Amino acid sequence: MASFASVLIYDGECPYCSVAARALEELDDVGAISWYDDPAQRFLDAQFGATPFAMVLVDTDEERVYAGRSAAEELADRAGMPGIVGSLVRDNYETIARVVGLASGRGRDLDDYHEAYDLTDDGAAVYGELADAAVHRDITAAG
């Protein structure tokens, strides 16, 4: 059985991935894994047929995959942040990510994935590996 019902895939080379990712500190039931880790790459390829560079939140209970702005907003909502915070995070996701990327020296742009998607059968088939590799941690301290 997978360790977490939800997993956040984030830019593991950025110690301050985004303001929305701070919500993970408040959530005991969500694991985290770096976008650069092999299980994350395998999941993204299975789910999307590509490996989009974006924050991705996978929720097996809801059978949904939130990407980009949708992932940021969903994290803020789950952490119980006021609705206005979730809206601000969603509306400013690209700006926050771009500024943080420049400050951290990340040399790539985000891919244009910002919706909530159905979890595909192929994505579900490799989710266990993703969840088992994920950890519960304060990702803003990672790096």
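Author: α1 passes α5 in a left-handed crossing; a crossing is left-handed if the near helix is turned anticlockwise from the far one by less than a right angle, and right-handed if clockwise. This is a predicted model, in which local features need pLDDT of at least 70, side-chain atom pairs count only at pLDDT 80 or more, and totals for chains, interfaces and linings use all residues. Residues are numbered from 1 along each chain as its sequence is written, and side-chain values use heavy atoms, without hydrogens and water.

Reader: What makes α1 roughly antiparallel to α5?

Author: The axes of the two helices, α1 and α5, come within 8 Å and cross at roughly 165°. Angles over 145 degrees count as roughly antiparallel, and therefore α1 is roughly antiparallel to α5.

Reader: Which residues of α1 and α5 meet?

Author: P39, A40, R42, F43, A46 and Q47 in α1 meet residues of α5, including V126, Y127 and L130; contact means heavy atoms within 4.5 Å. By class, this contact of α1 with α5 has 8 nonpolar, 2 polar and 3 charged residues.

Reader: Which members of the largest nonpolar core touch the most others?

Author: They are V7, I9, F43, V58 and L130, out of 19 residues. A nonpolar core is a set of buried Ala, Val, Leu, Ile, Met, Phe, Trp, Tyr and Cys residues joined through side-chain atoms within 4.5 Å, where buried means under 20% relative accessible area (1.4 Å probe, protein chains only). The largest share of this core, 4 residues, comes from α1.

How values were computed: Buried means under 20% relative accessible area, exposed over 50%, partly exposed in between (1.4 Å probe, protein chains only). Axes are lines fitted to C-alpha atoms, for helices over the stretch in contact, and angles run from 0 to 180 degrees between N-to-C directions. Angles under 35 degrees count as roughly parallel, over 145 as roughly antiparallel, 65 to 115 as roughly perpendicular and the rest as oblique. Ala, Val, Leu, Ile, Met, Phe, Trp, Tyr, Cys and Pro count as nonpolar, Asp, Glu, Lys and Arg as charged, and the others, Gly among them, as polar.
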